[in-house]
Amino acid sequence: MPELPEVEAARRAIEEHCIGKKIKKAIIADDSKVIDGVSPSDFVAALVGKTIVSALRKGKNLWLQLDSPPFPSFQFGMAGAVYIKGVAVTKYKRRVVSAVNDSDEWPSKYSKFFVQLDDGLELSFTDKRRFAKVRLLEDPASKPPISELGPDALLEPMTVDELHGSLSKKKIAIKALLLDQMVVISAPGLLQMSFVSGIGNWIADEVLYQARIHPLQIASSLSRESSATLHRCIKEVVQYAVEVDADCDRFPLEWLFHFRWGKKPGKVNGKEIEFIVAGGRTTAYVPGLQKLNGNQAGKAVGKPKARTSKKKRDGDDDDNDNNEDDGSEPASEEEKIARKAKSKRELRPKSPGKKPSAKRKSKASDTDSEEDEGAAAAAPDDDDDNQKKKPRRVTSRKQVMVGKAPKKLVNNQNTKKPRKKVK
C-alpha cells in the first residue's frame with residue numbers, strides 16, 4: 001500500500017497545483033464502504049464554494065485544509081491514489097500520484113472523491129480495491145485514526161536515545177514494531193506512544209536490510225549501536241524517498257526495494273533474498289547479512305506456506321497486483337487459529353453410523369461428545385473376530401461405557417443357564 005513517501009508525494013502535488021483555488025464542482029461516490037460516516041449529498045454541500053488552503057499529512061493519512069470546516073481526509077488503504085488531470089506528476093510503484101492522459105476515462109469509475117477547481121483543474125481520489133476511507137471531519141488531526149498515530153517518521157523523528165529507550169521496552173520482533181502505527185492506551189488517561197507512523201512493509205524491509213538487522217530480532221535485545229544504525233537508516237531511507245517524490249526509478253540501485261517484489265527468488269548485491277512472515281506480513285530479507293543474535297542466534301526461521309486459495313482482500317496494507325508479495329495480506333492471528341481449528345475438524349475421523357449411546361453422561365458438552373465418538377470410532381478392536389460378528393444388543397452398564405461387550409459376555413449372551421438340580 002502507499003507509505004509515507006508516496007502519500008507525501010500526493011500532498012506535495014496538491015500543494016503545488018491546488019492551493020488557493022476554489023472548489024467549483026464536486027462528485028462523491030455513493031460507496032459507504034469508502035465514504036465513511038457522511039452521505040454523498042452532504043459531502044458535496046460541504047465542499048462546493050470552499051477554497052483549498054493547505055494539504056496536510058501525518059503517517060499515511062492526508063487531509064485538505066479548507067477556508068472553513070469540515071475538511072476532507074483520506075486514508076489510502078491498499079490502493080488509494082491521487083490523480084490531477086493535466087498535471088504530469090511523478091509515477092512510482094503503486095501510482096499514488098499520476099498524470100491523467102486525455103484518452104483515459106475521467107473521472108475514473110473507481111473515483112471516490114472528485115473536485116473541479118475554479119481554474120478548470122480537476123483532482124480525483126480513486127480506490128480500486130475499496131479499502132481506503134474518505135471522511136469529512138471538523139478537525140482531522142484530533143479525530144481517529146490520525147489522533148491515534150504515533151510520531152511521524154519524517155516530521156517528528158526520535159533521537160537515538162529516545163529510539164533505544166523505546167526499543168528496550170518492546171519484547172516483540174523489530175519488524176512488527178516498525179509496522180506499529182498506533183498509540184497504545186496502557187492505563188486510563190495514559191498514552192504510550194508507538195514506534196513511528198508512516199513506515200509500511202517495503203520501508204521496514206529496506207531499513208532492516210540496510211541496518212543488517214533480522215526482521216524477527218526482538219526489539220529489546222538490540223544494542224545501542226544497532227539502535228543508532230537503525231535510526232540512521234530510517235532517516236536516510238525516508239528522506240531520500242521523499243526527496244525524489246517516491247519515484248522508485250530514482251531509488252539507489254543497491255536498495256533491496258528493486259528486488260523484493262513478488263516473492264521471487266533473487267539476489268541483491270550478490271546475496272540471496274529469502275521471504276518469511278514477520279509482523280503478519282510477507283518480509284524480504286537477506287539471511288547472509290541479517291542474522292539473529294543473542295539468545296535467538298541459530299534459531300530456524302520458517303518460510304511462508306504457499307497459498308492455494310483465491311486472493312484475499314485485506315484492508316490496510318500491502319502492495320501487490322504483481323508488485324508486492326503475493327497480492328494478499330497474511331492472515332491475522334485470529335484467522336490462523338480459526339483456520340487451524342477448521343482443518344482439525346475436517347481431519348477428525350467420523351463414526352461409521354454408530355448411534356450415540358443412550359447411557360452417555362447428560363452433562364457432557366457437545367465438544368466432548370464429538371471427541372468421544374470420534375475416539376471410539378478410531379480406536380482399534382482388541383479382537384478381530386468381534387469385528388466380523390453381527391453387533392448384539394448391549395444391556396450391561398459397563399458394556400455401554402466401554403462401547404462393546406467383553407468377549408466372554410458376548411459368547412454367553414444368548415446361552416441359557418442350566419437349571420439347578422433339586423435335591
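In this predicted model, residues 24 or more positions apart account for 65% of the contacts with a separation of 6 or more, where contact means heavy atoms within 4.5 Å. Local features need pLDDT of at least 70 and side-chain atom pairs count only at pLDDT 80 or more, while totals for chains, interfaces and linings use all residues. Residues are numbered from 1 along each chain as its sequence is written, and side-chain values use heavy atoms, with hydrogens and water left out.

The protein has 11 helices and 15 strands, taken as DSSP runs numbered from the N terminus (helices H or I, at least four residues; strands E, at least two). Of its 423 residues, 43% are buried, that is, under 20% relative accessible area with a 1.4 Å probe, counting protein chains only.

Helix 1 passes helix 6 in a right-handed crossing, meaning that the near helix is turned clockwise from the far one by less than a right angle. Their axes, lines fitted to C-alpha atoms over the stretch in contact, with angles from 0 to 180 degrees between N-to-C directions, come within 9 Å and cross at roughly 35 degrees. The residues that meet are tabulated by helix.

| Helix | Residues in the helix 1–helix 6 contact |
|---|---|
| Helix 1 (residues 4–18) | Leu4, Pro5, Glu8, Arg12 |
| Helix 6 (residues 224–243) | Val238, Ala241, Val242 |

In helix 3 (residues 160–167), the buried residues are Leu163, Ser166 and Leu167. Seen down the axis of helix 3, these fall within an arc of 95 degrees, so they line one face of the helix; the arc is that of the directions from the helix axis to the C-beta atoms. The buried residues of helix 3 pack against helix 4 (174–179) and helix 6.

Methods:
Buried < 20%, exposed > 50% of the residue type's maximum accessible area, 1.4 Å probe, protein only.
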